[in-house]
Structure formats: C-alpha cells, structure tokens
Amino acid sequence: MRIISGKARGTKLNTLAGEQTRPTLDRVKESIFNIIQNEIEDTIFVDLFSGSGAIGLEALSRGARKAILCDKSKEAIEIIKSNVEKTHLKEKAEIINTDFEKCLKDIKEKIDIIYIDPPYQTDYILKTLEILEKSNIIKEETKIILETDNEERILKQIEQLKFEIIDKRKYGIANIIFLKTQN
C-alpha cells in the first residue's frame, strides 16, 4: 500500500497485521480520488475508520488542508502515527483514538469530505449517517463516501435518511457509494 499522488507520492505505508483491518486496495483508492480530485484542495477531510490512515493521508498528499484520522484500535493508531511521520504530513493530520460516535460528536468544524469504511457486516454506516444527519458538522456541499461489501443492505438502511446518492461504483467486493445531503 502506498500514497498514489501528490506531495507524498510513492511513500509506502505500514499496515496492520492480521485480520483486524481490511485496507482499501490501491486501485479502489485511486478510483475514488480520481472522482473527487477537483474537490480535495483546501478541504477538511475525515477518515472515520482510518485503519492505516491511507485514505486520509492520500487526501492530505493531494492538497487537503486537514485530515482527521479516527480509529478505536490502539494498534491502528500506532500504525497511523508511523504513516503520518513517513509522509511528512504531521502538521495537517489530527489523529483521534476513540470510537466513531465520540469522534463525530467531538468534531467542532464543518467537514467537506468524509470517508466511512467500517468493518463489514456492521450497522456503523447507518449509525454514522444518523449522527451526521442530526449534527451541524456537515454542510450542503459535504461529500460522504461509503465503502461496503453489501450495497443492497446499505441502500435499504439509508433510504429513510436525508441523503441523496450521487454516484455508485463497484470494485470486486468493494462497493463505493457517494452521497450528499438532500435539499
């Protein structure tokens, strides 16, 4: 796994050993960032279930103003810290070691892009979107990106929420869903 583009391009990233996390494949990450490339500059980017920090660090490498990298696992946080050091993006990275619900409640600024890639087979996407819907940390233009292995289940869970699907892509078992707030 590596940083694909930008200031830290080519930097190889450390990953967690074992089955605890499921890193987003480079080809999936590259496709996502190709889609949002023109929207990254000077943004506040949240990588909610950060794992190794690869998604948030990619955003920083491509010009995001700040990335909030959140993970509950202490082991993941240690990997994220080492990757932040390797990429020389420390001044723009905020690392938070807590669960996603507390992280979202503690964010004090409006976010521009949020990437939500929780462990598969959980209801964390739904819970995250319910929190976002009631919070004041997203704006009308905030882009919400979901990664799941079960698009049908996720779409059914979120159909009652106030989010609009703007794009969907499938890469192997990974389904990427792009949302924005409904007007």
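Which backbone nitrogen lies 3.4 Å from a polar atom of the side chain of Ser 52? The first point below gives the reply, after a note on the model.

This is a predicted model, in which local features need pLDDT of at least 70 and side-chain atom pairs count only at pLDDT 80 or more, while totals for chains, interfaces and linings use all residues. Residues are numbered from 1 along each chain as its sequence is written, and side-chain values use heavy atoms, with hydrogens and water left out.

1. Ser 52 and its surroundings. The backbone nitrogen in question belongs to Ala 54; a polar contact is a pair of N or O atoms within 3.5 Å, where within protein one must be able to donate a hydrogen and the other to accept it, and residues adjacent in sequence count only if both atoms are side-chain atoms. Ser 52 lies in the loop between S1 and H2, where helices (H or I, at least four residues) and strands (E, at least two) are DSSP runs numbered from the N terminus. With a relative accessible area of 10%, Ser 52 is buried, a word that means under 20% relative accessible area, as against exposed for over 50% and partly exposed in between (1.4 Å probe, protein chains only). Leaving aside neighbours within four places in sequence, Ser 52 is in contact (heavy atoms within 4.5 Å) with Met 1, Asn 14, Thr 15, Leu 57, Ile 79, Ile 80 and Asn 83.

2. Aromatic pairs. A search of the whole structure finds four aromatic pairs, counted where the ring centres of Phe, Tyr or Trp (its six-membered ring) lie within 6.5 Å, with planes under 30 degrees apart taken as stacked, over 60 as edge-to-face and the rest as tilted. Phe 33 and Phe 45 form a stacked pair, because their ring centres are 6.2 Å apart and their planes stand at 20°. Since Phe 33 belongs to helix H1 (residues 26-36) and Phe 45 to strand S1 (residues 44-47), this pair ties together parts that are twelve residues apart in sequence, and both residues are buried.

3. Phe 49 and Tyr 124. These two rings are also stacked, at 5.8 Å centre to centre and 0° between the planes. The pair links distant parts of the chain, with Phe 49 in the loop between S1 and helix H2 (54-61) and Tyr 124 in helix H5 (residues 124-134), 75 residues apart. Phe 49 is buried at a relative accessible area of 16%, whereas Tyr 124 counts as partly exposed at 27%. Ring pairs join Phe 49, Phe 100 and Tyr 124 into a cluster.

4. Helix H5 and Ile 116. In H5, the residues Ile 125, Leu 126, Thr 128, Leu 129, Ile 131 and Leu 132 are buried, and the buried residues of this helix pack against elements including helix H4 (100-106), S4 and strand S5 (138-148). Ile 116, which lies in strand S4 (residues 111-116), counts as buried at 0% relative accessibility. Among the residues that Ile 116 touches, not counting those up to four places away in sequence, are Phe 49, Ile 125, Thr 128, Leu 129 and Leu 132.

5. Strand S7. Seven of the eight residues of S7 are buried, so this strand is largely enclosed by the rest of the structure. S5 and S7 pair in the antiparallel sense over five bridges, two strands being paired if DSSP finds at least two bridges between them, and Ile 145 stands opposite Phe 178 in S7. S6 and S7 pair in the antiparallel sense over eight bridges, with Lys 170 opposite Asn 175 in S7. S6 and S7 form a hairpin with two residues between them, and Gly 172 in the turn has a positive phi of about 60°.
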